[in-house]
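Let's take a walk through this structure together. Have the sequence and the 3D view open, and look back at them as we go.

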Amino acid sequence: MRSTQVVPIKNQDEIEKMRISGRMAAEVLDMITEHVRPGVTTDELNTLCHDYITNVQQATPAPLNYRGFPKSICTSLNHQVCHGIPGDRVLKKKDIVNIDVTVIKDGYHGDTSRMYYIGEPTVKGRRICEIAYESLLRGIDVVKPGATLGDIGHAIQVYAEGERCSVVQEYCGHGIGRDFHEEPQILHYGKPGQGLVLQPGMVFTIEPMINAGKRHVKLLGDDWTVVTKDRSLSAQWEHTVLVTETGYELFTLSPQSV
Ligand code: MF3
Ligand code: CO
Ligand code: CO
C-alpha cells in the first residue's frame with residue numbers, strides 16, 4: 001500500500017508571500033558575503049545573520065530552536081556536509097563553507113544556501129563547489145508540470161557521478177511553506193519517470209549535497225553536524241523553487257545570487 005502523501009498546492013496569496021520570504025533569505029546571503037573572510041568565526045557570521053534577519057528584515061530565523069538546533073543559520077565547512085553549528089571555529093584561507101539561511105516572514109519560509117571561498121580556494125575546493133552548483137542547476141532545469149521527482153534526482157545524479165563525485169542520500173530537499181519541511185521529499189538521486197508528478201503550485205527546495213569522495217556520511221557527537229565518512233570535501237547549494245504552468249520560478253534570487 002502507498003502511504004498517503006499530501007503535497008500542498010500554494011495559491012496566489014501564498015506564492016506572493018513566499019516570493020518575499022525567499023528573496024529575504026537570499027538577501028541575507030548577499031549581506032554576509034563581505035564578512036566571510038579569514039579570521040571570522042562561524043559564530044560571528046551567525047550573529048550578523050541573526051541580527052539582520054530580526055532587526056532589519058523583521059523576520060524570524062527558522063533554524064533557531066528548530067528541533068533543538070541552537071543557532072540561527074547552519075555553517076558547514078570543508079568535509080562537513082550539512083547542519084554545521086556555528087561556533088568558535090575561525091575561518092582560514094582555503095576553507096570552503098556552506099551558509100544555509102531560512103527565514104520566516106508573514107508565516108512563510110524561504111530557504112537557500114551557497115558556498116563561499118575563504119581567500120583563494122584550492123583546485124579541489126573550487127571544483128567541488130562548482131560541481132555542486134551545476135548539480136543544483138541541472139535539477140532545477142528539469143522542473144515543469146508533468147516531470148517527476150525521479151527526473152530531478154536523476155539529472156543531478158548523472159551529472160555529479162559523471163564528474164566522479166557522489167550524491168549524499170541520507171538528506172534531501174523538501175516541500176516548504178508554512179512549515180519548514182513539508183511533503184514531498186526531494187531526493188537528489190533517482191530514476192527517470194519515477195515518483196511524484198510535478199504540478200503547478202508546488203513549492204520545494206532542491207539542495208544537493210555533493211561529495212568529492214564516497215557518498216557515505218556520519219553524524220558527529222553534537223547530533224547535528226553531518227560529515228563525509230572518508231573526510232572528502234563536500235559542497236551544497238540550495239534554492240526554493242515554485243512549479244509554474246510552463247516551468248519554474250526561483251524564489252531565492254537576490255542581486256548577488258549567482
Ligand atoms: N536549512 C536546512 C535545509 O535546507 C535545514 C536546517 S535544519 C536546522 O533544510 F535545524 F539544522 F537548522
Ligand atoms: Co532546505
Ligand atoms: Co536550507
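Contact here means that heavy atoms lie within 4.5 Å. With that in hand, start with the chain as a whole: among its contacts with a separation of 6 or more, 70% come from residues 24 or more positions apart. What you're looking at is a predicted model, so local features need pLDDT of at least 70 and side-chain atom pairs count only at pLDDT 80 or more, while totals for chains, interfaces and linings use all residues. Residues are numbered from 1 along each chain as its sequence is written, chains are lettered from A and ligands numbered from 1 in the order in which they are written, and side-chain values use heavy atoms, leaving out hydrogens and water.

The chain has 4 helices and 15 strands. Both are DSSP runs numbered from the N terminus: helices are H or I with at least four residues, and strands are E with at least two. Along its principal axes, the C-alpha trace spans about 50 × 45 × 35 Å. A compact globule of 258 residues would have a radius of gyration near 18 Å, and the 17 Å of this chain agrees with that. (That radius is taken over C-alpha atoms, and the globule rule is 2.2 Å times the number of residues to the power 0.38.)

How much of the chain is buried? Of the 258 residues, 53% count as buried. Buried means under 20% relative accessible area, exposed means over 50%, and partly exposed is in between, using a 1.4 Å probe and protein chains only. The accessible surface of the chain is about 11800 Å², and carbon and sulfur atoms hold 50% of it. Such areas come from the Shrake-Rupley method with a 1.4 Å probe, and for residues only the protein chains shown count as cover.

Now find helix α4, residues 149–162. Among the buried residues of α4 are Leu 149, Ile 152, Ala 155, Ile 156 and Tyr 159. An α-helix has 3.6 residues a turn, so residues three or four places apart point the same way. What do the buried residues of α4 pack against? Their partners are α3 (123–141), β6 (166–167), β8 (182–186), β9 (203–206) and β10 (209–211).

Gln 185 touches Leu 149, Cys 172 and Gly 173, leaving aside residues up to four places away in sequence.

Most residues other than glycine have a negative phi, and most peptide bonds are trans. Gln 58 has a phi near 55 degrees, and sits in the loop between α2 (42–56) and β1 (60–61). For Lys 94 the value is near 80 degrees, and this residue belongs to the loop between β3 (80–82) and β4 (96–105). Gln 58 is exposed at 59% relative accessible area, and Lys 94 counts as exposed at 53%.

Next, ligand 1. Which of the 14 residues around ligand 1 come nearest? They are Pro 63, His 174, His 181, Glu 207 and Glu 238; a residue is near a molecule or strand if one of its heavy atoms lies within 4 Å of it. An N or O atom in the side chain of Glu 207 is 2.7 Å from an oxygen atom of ligand 1. The protein covers 97% of the 330 Å² of accessible area that ligand 1 has on its own.

Finish with two buried threonines. Thr 75, in strand β2 (residues 74–77), counts as buried at 2% relative accessibility. Thr 225 lies in the loop between β11 (217–219) and β12 (226–228), and counts as buried at 3%. Among the residues that Thr 225 touches are Gln 80, Gly 84 and Ile 85, and Thr 75 touches residues including Gln 80, Gly 84 and Ile 85.

Key
A polar contact is a pair of N or O atoms within 3.5 Å; within protein, one must be able to donate a hydrogen and the other to accept it, and residues adjacent in sequence count only if both atoms are side-chain atoms.
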